[in-house]
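Please read it alongside the sequence and the structure shown here.

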Amino acid sequence: MSNRLNSLLSSEENARELVEEAAKEAKRIRTGIPAEVSKIEKEYSAELREYEERGMDKVREELVFLKEKQEEILEKGKTALESKSSELAPRALDLIHSAIEDGKG
């Protein structure tokens with residue numbers, strides 16, 4: 001019976017040590033959670049910044065393209081207006097002269 005009692009006491013001691021080790025491990029894990037959360041948040045923030053920067057680069061490229069396109073359209077419009085202006089100027093002078101003549105007569 002002494003052997004069984006020693007065996008039980010030994011098992012109890014082993015169980016107590018296992019519980020203590022488990023408690024220490026649990027405490028270590030709980031202590032490490034905030035650090036892991038912080039690490040994940042930093043990684044997320046870095047990836048988000050990188051994603052935003054890539055997005056802004058695309059936006060800037062699109063703005064450059066649209067500005068070039070806008071300037072091209074503006075130049076075409078100016079050229080068309082100048083062409084119409086040169087066509088209309090003689091006609092406008094004729095109408096002015098005609099109005100003056102009609103007013104004299």
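V37 is found in helix α1, which spans residues 2–104; helices (H or I, at least four residues) are DSSP runs, numbered from the N terminus. This is a predicted model, in which local features need pLDDT of at least 70, side-chain atom pairs count only at pLDDT 80 or more, and totals for chains, interfaces and linings use all residues. Residues are numbered from 1 along each chain as its sequence is written, and side-chain values use heavy atoms, with hydrogens and water left out.

**Nonpolar surface patch**

- V37 is partly exposed, with a relative accessible area of 40%; partly exposed lies between buried (under 20% relative accessible area) and exposed (over 50%), with a 1.4 Å probe and protein chains only.
- Together with I29 and I33, V37 makes a nonpolar surface patch of about 240 Å².
- Patches are made of residues with over 30% relative accessible area and no salt bridge, where like charges are joined within 9 Å and nonpolar side chains (Val, Leu, Ile, Met, Phe, Trp, Tyr) within 5 Å.
- Accessible areas come from the Shrake-Rupley method with a 1.4 Å probe, and for residues only the protein chains shown count as cover.

**Salt bridges: count and the D57 pair**

- The structure holds seven salt bridges, a salt bridge being a side-chain nitrogen of Lys or Arg within 4 Å of a carboxyl oxygen of Asp or Glu.
- One of them joins the side chains of D57 and R60, at 2.8 Å from N to O.
- D57 and R60 are separated by about one helical turn, because they are three residues apart in helix α1.
- D57 is partly exposed at a relative accessible area of 38%, and R60 is partly exposed at 45%.
- Elsewhere, salt bridges that share partners join E12, E13 and R16 into one network.

**Salt bridges: the pairs of R16**

- The side chains of E13 and R16 meet in a salt bridge of 2.6 Å, N to O.
- E13 and R16 are three residues apart in helix α1, so about one helical turn separates them.
- R16 also forms a salt bridge with the side chain of E12, at 3.3 Å from N to O.
- R16 and E12 both lie in helix α1, four residues apart, which is about one turn of the helix.
- R16 has a relative accessible area of 38% and is partly exposed.
- E12 counts as partly exposed at 41% relative accessibility, and E13 is partly exposed at 35%.

Key:
Helix = DSSP H or I, 4+ residues; strand = E, 2+ residues; numbered from the N terminus.
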